[in-house]
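Here's a quick briefing to read with the model open. Have a look at the sheet first, then the helices around it.

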Amino acid sequence: MSQTITFFLGGEELRVQGISPATTLLDFLREHRGRTGTKEGCNEGDCGACTVLLAHVEGPKNDLVYRAVNACITLLPAVHGHWVVSVEDLGQAPDRLHPVQDAMFRRHGSQCGFCTPGFVMSLAAMHLDGAPVEQAETYIAGNLCRCTGYGPILAAAGDSVAAPEDPAFGAKVRAAKDWLIARRADDDGLFYEHGDERYDAPVTLDALLRLRQDHPEATLVAGTTELGLWLNKDLQDFPHLISPTRVDALTGVDFRPDGTLVIGGAATYEQAWPKLSQVIPEGQDWFERFASMQIRQQATIGGNIVNASPIGDGPPLFLALNAEVELASTRGSRVVPLTDFFTGYKQTELA
Ligand SMILES: Cc1cc2nc3c(=O)[nH]c(=O)nc-3n(C[C@H](O)[C@H](O)[C@H](O)COP(=O)(O)OP(=O)(O)OC[C@H]3O[C@@H](n4cnc5c(N)ncnc54)[C@H](O)[C@@H]3O)c2cc1C
Ligand code: FES
Ligand code: FES
């Protein structure tokens, strides 16, 4: 059980204590590590200027998986156990550019430059994923540029997609992967305190339900794509946050033998879509219009449903699919049709 936020950044393990768990990754990078390449634009997940990559290993072969996320609405405790890659970890000007930076330079993909690190990180995610050039718009849909125009940036995406990996970055990947594999074995959750603030991220469902029972005043936080705005824009305080995102039982997405798709309450839209799309293949356009890749990599389906917003895109889809939700506590669990789960404007069976 870790009481220190531990992650890999810039070739070393960082063990962080003594700062608020409500600190965003963006503020940490800029103000605590001097990594000012990651920019603050909107501070609410819209513009992509703060895009960074979070990497972890998963599966029996320890596959390295990258997620492009908005650092402005990612809380520092959420990167516990990850490799954080910011633009400083790619190449360095003038002669050690990463292939995507080099392509942006050659294609004149930057004018004022404010959006550029964010685009570079999204294109780096595409390059690392080995995605085809046809997906370039999907990868950069969460990045806004007010002055260059997207043509040169898409051209840079096309140029860089088949470029070989930068050897210097490859060495960083190997070091980070070794660290991630070593850490994976002893991930037994994060229980972080700072003054009167607390952030708990247990790894078992039992521990999560016990925390909920013992601390009914605490707030659940998953992808932070709603809660991050309540923090940054409404300046709300959340003295005790509990995260379900490290609980394996809540992040799985699997078909039962009878063909029913079961989506863990903390599974993100990007995690769920490969199987959800088998249930509703005609939903591809719907999926690609849901926010942006950065948001979909963070946003959980559970958070979207519990938020019960009348403008949420998930609930209409799941209502049309006659979905049910399973509600669990230490007293047991019950299954409720989604039609009965929503009880009013932003009201649910939970409250
Ligand atoms: C830039 C941007 C674009 C967006 N675009 C869209 C869009 O196109 N369509 C759309 O529908 N939404 C959109 N959203 C809203 C948001 O991404 C979704 O509602 C998202 O699914 C919320 O999930 P989360 O995991 O981030 O929730 P969080 O922010 O972590 O939590 C939201 C709420 O849900 C509760 N909660 C979370 N998980 C659980 C759980 N397992 N059990 C009980 N309560 C829980 C939290 O306590 C909190 O009250 C957007 C948001 C941003 C910032
Ligand atoms: S600063 Fe705009 S998305 Fe983070
Ligand atoms: S280059 Fe100025 S905002 Fe994109």
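Two strands count as paired if DSSP finds at least two bridges between them. Strands (E, at least two residues) and helices (H or I, at least four) are DSSP runs, numbered from the N terminus. This is a predicted model, where local features need pLDDT of at least 70, side-chain atom pairs count only at pLDDT 80 or more, and totals for chains, interfaces and linings use all residues. Residues are numbered from 1 along each chain as its sequence is written, chains are lettered from A and ligands numbered from 1 in written order, and side-chain values use heavy atoms, leaving out hydrogens and water.

**The sheet**
- Five strands make an open sheet with mixed pairing, in the order S2-S1-S5-S3-S4.
- S2 (12-16) and S4 (63-70) sit at the edges with a single partner strand each, so one side of each has no neighbour in the sheet.
- S1 (residues 5-9) and S5 (residues 83-85) run parallel and share two bridges; Phe8 has Trp83 in S5 as its bridge partner.

**Helix H3**
- H3 (residues 116-129) lies across S3, S4 and S5, at about 25° to S3 (axes are lines fitted to C-alpha atoms, for helices over the stretch in contact, with angles from 0 to 180 degrees between N-to-C directions; contact means heavy atoms within 4.5 Å).
- Twelve of its 14 residues are buried, so H3 is largely enclosed by the rest of the structure (buried means under 20% relative accessible area, with a 1.4 Å probe and protein chains only).
- Among the buried residues of H3 are Phe119, Met121 and His127.
- Gly130 follows H3 and has a positive phi, near 65°.

Conventions:
Buried < 20%, exposed > 50% of the residue type's maximum accessible area, 1.4 Å probe, protein only.
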